[in-house]
Amino acid sequence: FESFLKGMGGLVFLYLAGKTLLEWRHARAGEEPEAQSAPRTLLQAVAVNIVNPGPYLGWSLILGPLTLEAWAESPAHAAALIGSFYVTMVVSLGLFILLVGTTTRLGPRMRHHLLLVSSLALAGIAAYSLWSAFS
């Protein structure tokens, strides 16, 4: 099942890399970027997260057993573990979103370069996911 999830995740990342590369090419040609609707972007984010094996592996191999150990000591310890994990995740993602949101102030030239870097990073993640799914 892990290999299946990695393969599906690799395909989703490959799709997103191609889409980002097309956006980079359009920006390079001086065309205005196509505005994406919030529901479409949300659906893309959901698709990436559903096929991402990280949460499944994290909960089954690390957080699940740690939560059970903490529960054996005290339910409050288990609640503190889960609560601190999710607070850390939400704060980290919030800071990342704020950082990415500031890229609009860098100008179109820098945005153009960031699109290329993003496309290459997504392609690298896709290649790694597909390689690990089939190896």
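# Tying the helices together

Tutor: Trp59, Phe85 and Tyr86 form one aromatic cluster. The model is predicted: local features need pLDDT of at least 70, side-chain atom pairs count only at pLDDT 80 or more, and totals for chains, interfaces and linings use all residues. Residues are numbered from 1 along each chain as its sequence is written, and side-chain values use heavy atoms, with hydrogens and water left out.

Student: Why is the pair of Trp59 and Tyr86 called stacked?

Tutor: Start with the rule. Rings of Phe, Tyr and Trp (its six-membered ring) pair if their centres lie within 6.5 Å; planes under 30 degrees apart are stacked, over 60 edge-to-face, and the rest tilted. Four aromatic pairs turn up in the whole structure. For Trp59 and Tyr86, the centres are 6.3 Å apart and the planes meet at 25°, so the pair is stacked. Trp59 lies in helix H3 (residues 53-73) and Tyr86 in helix H4 (residues 75-101), so the pair ties together parts 27 residues apart in sequence. Helices here are DSSP runs (H or I, at least four residues), numbered from the N terminus.

Student: What kind of aromatic pair do Tyr128 and Trp131 form?

Tutor: A tilted one. Their centres are 6.3 Å apart, with 35° between the planes. Both residues lie in helix H5, three residues apart, about one turn of the helix. An α-helix has 3.6 residues a turn, so residues three or four places apart point the same way. Tyr128 is exposed at 53%, and Trp131 is exposed at 57%.

Student: How do you know that Arg111 and Glu23 form a salt bridge?

Tutor: The rule asks for a side-chain nitrogen of Lys or Arg within 4 Å of a carboxyl oxygen of Asp or Glu. In Arg111 and Glu23 the closest N and O atoms are 2.8 Å apart. The pair links distant parts of the chain: Arg111 is in helix H5 (residues 108-134), Glu23 is in helix H1 (residues 2-28), and 88 residues separate them. By this rule the count is one salt bridge. Side chains of opposite charge can pair when their charged atoms come close. Arg111, at 34% relative accessibility, counts as partly exposed; so does Glu23, at 27%.

Student: Which residues make up the largest nonpolar core, and what makes it a core?

Tutor: Such a core is a set of buried Ala, Val, Leu, Ile, Met, Phe, Trp, Tyr and Cys residues joined through side-chain atoms within 4.5 Å. The largest has eight residues: Val12, Phe13, Leu16, Ala17, Val48, Val51, Leu122 and Ala126. H1 and H5 are the elements giving two or more residues to this core. The largest share, four residues, comes from H1. Val48 touches Val12, Phe13 and Leu16, leaving out residues up to four places away in sequence. Touching means contact: heavy atoms within 4.5 Å.

Student: Why does the span of H4 agree with its length?

Tutor: The expected span is 1.5 Å times one less than the number of residues. The 27 residues of H4 should span 39 Å, and its end C-alpha atoms are 39 Å apart, so the two agree.

Student: What caps the N-terminal end of H4?

Tutor: Ser74. One of its side-chain oxygens lies 3.1 Å from the backbone nitrogen of Ala76. A polar contact is a pair of N or O atoms within 3.5 Å; within protein, one must be able to donate a hydrogen and the other to accept it, and residues adjacent in sequence count only if both atoms are side-chain atoms.

Student: Why is Thr67 called buried, and what does its side chain reach?

Tutor: Thr67 is in helix H3. Its relative accessibility is 13%, so it counts as buried. Its side chain reaches the backbone oxygen of Leu63 at 2.6 Å. Leaving aside neighbours within four places in sequence, Thr67 is in contact with Trp59, Ala78, Leu81 and Ile82.

Note on methods. Buried means under 20% relative accessible area, exposed over 50%, partly exposed in between (1.4 Å probe, protein chains only).
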